[in-house]
Amino acid sequence: MISVKQISKSFGSTFAVNQVSFEVLEGESLILLGTSGCGKTTTLKMINRLIVPDSGEITIHGKKIYEEKPEILRRNIGYVLQNNGLFPHYTVAENIAIVPKLLNWDNKKITSRINEIIEKLHLPESYLAMFPSELSGGQQQRVGLARALVTDPSILLMDEPFGALDNVTRSSIRKEFKALEELKRKTMVMVTHDIHEAFELADRICLMDKGEIIQIGTPKELLYQPVNKFSEDFLASEKLSLAFKVASLNDIWDFLPASDHETPNIISSTENVWDAMEKLQTQSRLGIKNESGDQKNIDFDQLTAAFSQYQKNPVS
Amino acid sequence: MSENQQSLWQFMIEQSDKLLNQTLQHLGLTFISLFFAVLIGLPLGILIARKQKLSGSVLAFAGILQTIPSIALLGFMIPLLGIGAKPAIVALLIYALLPIIRNTYTGIVGVDPSVREAAKAMGMSAKQILFKVELPLAMPVILAGIRTATVINVGVATLASYIAAGGLGEFIFGGISLNNTNMILAGAIPAAILAIVLDGLLALIQNLNFKKLRKILIVVPVAILILSGLYLLPKAYGNSLTAGFTPEFMGRQDGDLGLKSVYGLKINTIVISDAVMYKAAFEKELDVISGYSTDGRLKAFDLTILKDDKLIFPPYYAAPIVRESSLKKFPELESVLNLLAGKITDAVMTDLNYKTDQLHQSPEKVAKDFLVSQNLFKVSKNSKGGIVRIGSKIFGEQYILAEMYKMLIQGNTNYQVATKTGLGGTKICFDALVNDQIDFYPEYTGTGLLVLLQPNAEFAKKIAHDKNQTYQYVKDEFKKKYQIKWLTPIGFNNSYALMMRRKQSKDLGVYTITDLKQYLDNNK
């Protein structure tokens, strides 16, 4: 658990971060969202002491971060950068082994753990002996992620991890990322300026502007209960597509018609409406199964009809 | 002399021992200084990359050091460090410093900030970041700096022979003084090859990829250390006294060669430039030096001349030598130049030299005072006639003579005067005259005979000790060969001489060169 209390940081006479407080629960992913210069990256970097706040207090698992040597603190926090920050003079294997070596793991353990993590991230073993410059941007970012995850830290900080990638690579890697078992139980703070990215990956979103928090809440809360005009305007242009993304099939379950047409394509009702719509672009019918094992088989029209029913009174 | 027809290759084979020794010394000098430059420059570069406020002043300071002319820098070193290896290494180190500091700084500052941030965020300490990330990534740039420094050092190390530190400069400067092209090339070609080969090798290392670079990086410091060691190879130190001879003296029959063959003198010898030799003798760095008998520093440093009892040093009577075409062009010139004929004796010349060298009077003032005392001075007519070009070699006496001639010409004729003083050595001055770049300069009969004409050794030996025979011979030969006329000698004889400190000469009872040989033989 990360607890941030009233931290401020100014560069010169302007506040980069002003009196920011939030908590990130165990296993939760909090996304710091905002335009560039809003203080989100500064806030993130104060958590692993890359930047020292002028005032305020940060604790991790109840322990003040300034009571530890910064090196020790950082070795136990995974960190992913926008430009991956891989060492160009290290091979992929050596890059991934940096933190384990700092923690004095023995070589056997390092090798076996590296093999395990690259398999999970779908990196072929042949990459291990290559240098970062020989890989594509997407693959480099995967290696960066492997490097951050190799020691299985309980906390992961990510600074625009997909920011340097092209749109296609970006959405595919994001999906993979979301499905990654390694990340499920991690306490995660991630910075992004991409609203869709935030809505797809966040348990909660912390919307920031000019160094201050505007609103913290679940994606649904942000979308349907904006606290002020800034909050509302920020999402306005994307409002419809975001609505598809925050609504799960569970949310609209009651509006879906029961039907008997069996289909081999079945997805879970925890998926969102957007993903279901995407699947119905390539196939005519889709089976949806909920937690209690009931199944409804629908087509595109039925899905959109159910969604518009739901939109009249969205549950938040 | 048979050397005339000798090919470069023959010369190099004949002198292969010396050549090898000088090449090793040269490499040694280059790499010792490089080693220390890296030892100082690398940490300094790291420091200013950390504290960027310092970078401006440190780089500016290193830049200023770089701009000091090499000869001047070597000169500054002598009072501090004496002569020989120490000052040469320090001077070379100073030249190597800037590229190493600057490239270390640039290399480290140029490391991708996101890589540095990643290293920090993963929990590397400042030291780990420096050694595992910043230095390896900056290495190609740092190596480029070392490469530049190496090439600079190979070049500047040729000047080390000026202060008795050896190296290929001994051949180069000896060759220039002796008008011996083979000797110049025997020094210059290996020096150039060294520079090219070292540059190429370092370029290879610099362009390796990270993987190979890591392995070979250990080799570089080891190689630098081994090459540095070359300079420390034991030298044959014969006996208790040390002689410092100029490169010119080293290669002359009427110099070191004659001392060896006629006197059988075996003395531990180092090669040193004329500019610093007297001072080094005064400061007891050297015991015996090869000076000029009219040099003002003889008086200033209280040195005494050892008598040349076997007459190996031929007389060097000074006289202006003039292009015959110039005499036609300027009909009044000859009589004006001859106004000085016979007017300056050895003692007078030594005194005039003393005034410029030690009392630091300008050659102009010394020349004027002398002409006034001789009633030869006339105020310049400031005429607009043809321009007479006067040359002079690069030492005090020649400057004074050039000034005197200038005043005489301006006072007595309607010609204008252009002086081209400070022409490097005999060869440069003489070439300028032959190629019609100057009209005349003061030359010495001995030099004309032994350096410029170089008749066969036996004939030279026969006539060299007779003042009149030598003068007549050079006069006839120059007229025949070069259409250059020797005017009447000025009077003084500026010959080579071996010198010691007056006190030491007395203490050891050494007054002649034969005494010196006996002393050396008895004190091995």
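Author: Two strands count as paired if DSSP finds at least two bridges between them, and strands (E, at least two residues) and helices (H or I, at least four) are DSSP runs numbered from the N terminus. This is a predicted model, in which local features need pLDDT of at least 70 and side-chain atom pairs pLDDT 80 or more, while totals for chains, interfaces and linings use all residues. Residues are numbered from 1 along each chain as its sequence is written, chains are lettered from A and ligands numbered from 1 in the order in which they are written, and side-chain values use heavy atoms, without hydrogens or water.

Reader: Which residue of β4(A) is the bridge partner of I2(A)?

Author: That partner is I60(A). Strand β1 (residues 2-11) of chain A and β4 (residues 55-60) of chain A pair in the antiparallel sense over 5 bridges.

Reader: Why are β6 and β10 of chain A said to stand at the edges?

Author: The open sheet has 6 strands in the order β6-β7-β8-β3-β9-β10 (chain A), with mixed pairing. β6 (77-80) and β10 (212-217) of chain A each have a single partner strand, so one side of each is left without a neighbour in the sheet. β6(A) runs parallel to β7 (residues 155-159) of chain A, joined by 4 bridges, and I77(A) has I155(A) as its bridge partner in β7(A).

Reader: Now the rings: what makes the F87(A) and Y90(A) pair edge-to-face?

Author: Rings of Phe, Tyr and Trp (its six-membered ring) pair if their centres lie within 6.5 Å, with planes under 30 degrees apart called stacked, over 60 edge-to-face and the rest tilted. F87(A) and Y90(A) are 5.2 Å apart centre to centre, with 70° between the planes, so the pair is edge-to-face. The structure holds 22 aromatic pairs over all chains.

Reader: And how do you know whether F478(B) is buried or exposed?

Author: Buried means under 20% relative accessible area, exposed over 50% and partly exposed in between (1.4 Å probe, protein chains only). F478(B) has 0%, so this residue counts as buried.

Reader: Why is K109(A) said to lie over the face of W105(A)?

Author: The rule asks for NZ of Lys or CZ of Arg within 6 Å of the ring centre and within 35 degrees of the ring normal. K109(A) is at 4.0 Å from the centre of the W105(A) ring. K299(B) lies over the face of Y354(B), at 4.6 Å.

Reader: Finally, which residues touch the most other members of the largest nonpolar core?

Author: A core joins buried Ala, Val, Leu, Ile, Met, Phe, Trp, Tyr and Cys residues through side-chain atoms within 4.5 Å. Of its 114 residues, L259(B), L340(B), I409(B) and L498(B) touch the most other members. Helix α20 (residues 396-412) of chain B gives the largest share, 8 residues. A second, separate core of 65 residues includes L121(A) and M158(A).
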